[in-house]
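Please examine the structure shown here. The paragraphs that follow lead through a set of contacts, a helix packing and a nonpolar core.

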Amino acid sequence: MKTITENKNMRTLRPVHPGLFLKSEIIEAHELSVTEAAKILHVARPTLSSLLNAKADLSGDMALRFEKAFGVDMETLMRMQNSYDIAHTRSRAAKIRVERYQPHPAGLIP
């Protein structure tokens, strides 16, 4: 029986951080400064800057703000964040020491 974790063919190796996508495809494409974009989104400039420079995760609230202001789908942005998080965590898998649980056969509990 194959486990979910054995199906590696479907994994994206290096998904882009959603902040980098938003920076290039929204902010720069509209020729906005970070300060201007922060005003449009009603957020603090440092908060937006951290996201756009991939130093902070995309929150649901921020994804909704981008959807409302620029029309980019919130669900797509959140899937990007999720894919990025999964890939980042998998890259640290060797450091996480957990063994597969093996249940005891019924009635043979030591």
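Beyond its neighbours within four places in sequence, Q81 is in contact with H17, P18, D57 and L58. In this predicted model, Q81 belongs to helix α5. Its relative accessibility is 3%, and Q81 therefore counts as buried, the cut-off for that class being under 20%.

One of these partners, P18, also belongs to the contact of two helices. From α1, the residues P18, F21 and L22 meet L77, M80, Q81 and Y84 of α5. By class, the residues of this contact comprise 6 nonpolar, 1 polar and no charged. How are the two helices arranged? Helix α1 spans residues 18-27 and helix α5 residues 74-90; they pack at an angle of about 135 degrees, and their axes are 9 Å apart. The two helices are therefore oblique to each other.

Along with L48 and F66, they have the most contacts inside the largest nonpolar core, which has 18 residues. At least two residues of this core come from each of α1, α2 (34-41), α3 (45-52), α4 (60-70) and α5. The greatest contribution is that of α4, with 4 residues. Nonpolar side chains tend to be buried together in soluble globular proteins. Leaving aside neighbours within four places in sequence, F66 is in contact with L22, I26, I27, L41, L48, L51, G71, V72 and L77.

As to confidence, the mean pLDDT of the protein is 90, with 85% of its residues at 70 or more. Over residues 1-5, pLDDT stays under 50, and the model has 5 contacts beyond four places in sequence for this stretch.

How values were computed: Residues are numbered from 1 along each chain as its sequence is written. This is a predicted model: local features need pLDDT of at least 70, side-chain atom pairs count only at pLDDT 80 or more; totals for chains, interfaces and linings use all residues. Side-chain values use heavy atoms; hydrogens and water are left out. Axes are lines fitted to C-alpha atoms, for helices over the stretch in contact, and angles run from 0 to 180 degrees between N-to-C directions. Angles under 35 degrees count as roughly parallel, over 145 as roughly antiparallel, 65 to 115 as roughly perpendicular and the rest as oblique. Contact means heavy atoms within 4.5 Å. Ala, Val, Leu, Ile, Met, Phe, Trp, Tyr, Cys and Pro count as nonpolar, Asp, Glu, Lys and Arg as charged, and the others, Gly among them, as polar. pLDDT is the predictor's confidence in each residue, from 0 to 100. Buried means under 20% relative accessible area, exposed over 50%, partly exposed in between (1.4 Å probe, protein chains only). A nonpolar core is a set of buried Ala, Val, Leu, Ile, Met, Phe, Trp, Tyr and Cys residues joined through side-chain atoms within 4.5 Å.
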